[in-house]
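Q: I am new to this structure. Please take a close look at the disulfides and walk me through them.

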Amino acid sequence: MKGYHVASQTRRWRGSGSGASGLLCPLLCACLLAAVVGYKPVIIVHGLFDSSGDFINLQRFINESHPGTNVTIIDLFDRSASLQPMWKQVEGFKAAIYPIIQNAEEGVHFICYSQGGLVCRGILSTLSNHNVHSFISLSSPQAGQYGDTDYLKYLFPQFVKSNLYHICYTAIGQRISICNYWNDPHHRDLYVNSSDYLALLNGERPNPNATEWKTNFLKIKKLVLVGGPDDGVITPWQSSQFGFFDDNETVVEMQHQDFYLRDVFGLKTLAARGDVIICSIPGVEHIRWHSNETVFHTCMEKWLD
């Protein structure tokens with residue numbers, strides 16, 4: 001009700017203001033609204049080859065829709081450093097994020113883009129006292145990656161998706177972030193036995209910490225999975241919503257994945273709670289998700305209160 005009364009007052013003030021006072025009143029109203037609503041801090045984690053400077057538009061969208069929100073874009077593992085092993089990135093981002101979490105009594109929100117969505121999965125699974133409310137996974141390969149993309153051609157010019165397993169499923173390959181979530185559906189056993197990151201997070205390989213990780217992950221209030229058919233990088237694009245290829249490269253949707261059916265890390269529990277939100281938007285290329293205003297208003301805005 002407080003939010004309703006403030007909004008009503010805003011309309012009256014805007015209607016009666018003129019001159020300098022007419023310009024000042026909307027600003028005062030925005031400040032008052034922020035104070036009344038008390039928006040939770042937002043933490044943004046970038047993806048492969050990105051840096052914090054790439055998220056200025058997203059920060060602006062948040063500040064315009066939720067005035068007064070404390071938005072932090074973590075400036076770590078930028079550009080080529082984003083190829084560092086995923087667990088190393090998890091520890092680095094976790095150290096940077098933890099003080100923000102500690103100082104946010106009402107909790108925080110995560111917006112994690114592309115590879116960053118998997119970094120955030122690692123943080124949420126291993127940080128027992130986090131207070132993340134909405135975890136917005138923005139075009140992130142949550143079930144893995146298997147595609148001949150420009151990124152792959154740049155990183156491994158001598159390889160295509162069908163033979164990259166020769167590198168990725170080795171000790172040396174697992175020192176490269178993309179190999180930590182490379183999921184070759186034609187070499188499933190090698191993936192399960194070799195992946196030091198995603199196979200553990202998704203419970204596809206026995207993990208002594210699985211119960212603890214599941215408990216930690218289930219502390220989130222909402223899981224928002226954003227993706228679309230014209231992404232062009234995440235392959236299959238349904239991986240952004242926990243779908244993935246079978247050995248015939250036919251997409252198996254989230255609800256039929258083994259890790260969902262067994263509820264290894266809590267995905268089925270979240271869905272049963274009504275706390276998994278699927279948001280699919282056509283016509284958006286991978287590098288545009290965080291700067292597309294329609295995506296923000298459709299898929300993110302309402303989960304940042």
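**The disulfides up close**

A: The torsion about the S-S bond of Cys112 and Cys120 is about -85 degrees, so this disulfide is left-handed. The model is a predicted one. The sulfur atoms of Cys112 and Cys120 sit 2.1 Å apart. Both Cys112 and Cys120 are buried. Cys120 is also among the contacts of Phe110, as are Ile43, Ile97 and Phe135, with neighbours within four places in sequence left aside. Phe110 itself belongs to the largest nonpolar core, which has 63 residues. Helix α4 (residues 86–102) gives that core its largest share, six residues.

The structure has three disulfides. Another joins Cys168 to Cys179, with an S to S distance of 2.1 Å. Its torsion is about -65 degrees, so it is left-handed. Cys168 lies in helix α7 (residues 165–168) and Cys179 in helix α8 (residues 177–180), 11 residues apart. Cys168 and Cys179 are buried.

Then there is the bond from Cys279 to Cys299, S to S 2.0 Å. Here the torsion is about -70 degrees, so the disulfide is left-handed. Cys279 is in strand β8 (residues 276–280) and Cys299 is in helix α14 (residues 293–300), so the pair ties together parts 20 residues apart in sequence. Cys279 and Cys299 are both buried. Cys279 is also one of the 25 residues in a second, separate core, which includes Ile44, Val224 and Ile277.

Number the bonded cysteines in sequence order, and the pairing reads 1-2, 3-4, 5-6.

Notes:
Residues numbered from 1 in each chain as written. Predicted model: local features only at pLDDT ≥ 70, side-chain atom pairs only at ≥ 80, totals over all residues. Heavy atoms only, no water. Core = buried A, V, L, I, M, F, W, Y, C linked by side-chain atoms within 4.5 Å. Buried < 20%, exposed > 50% of the residue type's maximum accessible area, 1.4 Å probe, protein only. Helix = DSSP H or I, 4+ residues; strand = E, 2+ residues; numbered from the N terminus. Contact = heavy atoms within 4.5 Å. Disulfide = S-S within 2.5 Å.
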